Amino acid sequence: MQVAPSDTSALSGYAPEVRQQLFRFVLQLADTSLILGHRLSEWCGHGPILEQDLAMANIALDLLGETRSLYQYAAELEGQGRTEDDLAFLRVATEYQNPLLVEQPNGDFADTVTRQFLFDNFHFHFLQQLQTSSDERLAAIAEKSWKEAAYHLKWSSEWIIRLGDGTDESRQRLDKAVANLWRYSGELITPTTTEQALQMLGIIPDYAGLQDSMAAHVEKVFAEATVPMPQQAYMQRGGKEGRHSEHLGYILAELQYMQRTYPGLTW
């Protein structure tokens, strides 16, 4: 999938330092969508009901489509001859820059829904603002992906409400999931030094400007779900800087198996 025609001449307008920062950030976005898409794909054939099995598979496909566009752009920014497949499959865990949230285990359905909701709430509002980026390629990717993210957020929000205001069992599982995963949500809006530099250049939105709308949506959904807002807690972070949980290694062992076993394999 190619969101916009490749225009390598546009890349020459960036100073080498900015181009490297943009490469790292685009790689971070691609890694995030790849890992979460892979996590959701693990549900294929195991969903609680067929309709939701297909819904999660479709969300995973949307994320993988976004992943491809981002890896293609990252490869062009790097300019070292690596392809999207090289970036996806031939790096070690410490080179991946996805936030810790998306690599957390699927757990039960409540865990997956909560993880998805926390990510979707950020992803939707982030992409909404990224469409005004001074980088035309990023803006084009954001414009396409935002339409899909709107559905993702609707899906996960509705399931938070159904689980929270459902049976005693569903509420208990949701409460446990929120208590476990909330600590990973802060990293999404905590900028790295790379993100801060790109925010100052107007290439990506300032995360501080997203927080009010993100918080308002969480409060609205949790109120409908009759779920209390979590208390302030220490926010785990480090994934965006290559410091990951043990879970990522297991994901990559499965994800990279074919390319590692048969280098350069093509369909």
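Colleague: How many salt bridges does a search of the whole structure find?
Modeller: The search finds 13, a salt bridge being a side-chain nitrogen of Lys or Arg within 4 Å of a carboxyl oxygen of Asp or Glu. Bear in mind that this is a predicted model, where local features need pLDDT of at least 70, side-chain atom pairs count only at pLDDT 80 or more, and totals for chains, interfaces and linings use all residues. Residues are numbered from 1 along each chain as its sequence is written, and side-chain values use heavy atoms, with hydrogens and water left out.

Colleague: What about glutamate 76 and arginine 137, how do their side chains meet?
Modeller: In a salt bridge, 3.0 Å from N to O. Glutamate 76 sits in helix 3 and arginine 137 in helix 6, so the pair ties together parts 61 residues apart in sequence. Helices here are DSSP runs (H or I, at least four residues), numbered from the N terminus.

Colleague: Are glutamate 76 and arginine 137 buried or exposed?
Modeller: Both are buried, meaning under 20% relative accessible area, with exposed over 50% and partly exposed in between (1.4 Å probe, protein chains only).

Colleague: And glutamate 158, which lysine does its side chain meet?
Modeller: Lysine 154, at 2.8 Å from N to O. Both lie in helix 6, four residues apart, about one turn of the helix. Glutamate 158 is partly exposed, with 38% relative accessible area.

Colleague: Switching topic: how many residues of helix 5 are buried?
Modeller: 20 of its 22, so helix 5 is largely enclosed by the rest of the structure.

Key. Helix = DSSP H or I, 4+ residues; strand = E, 2+ residues; numbered from the N terminus.
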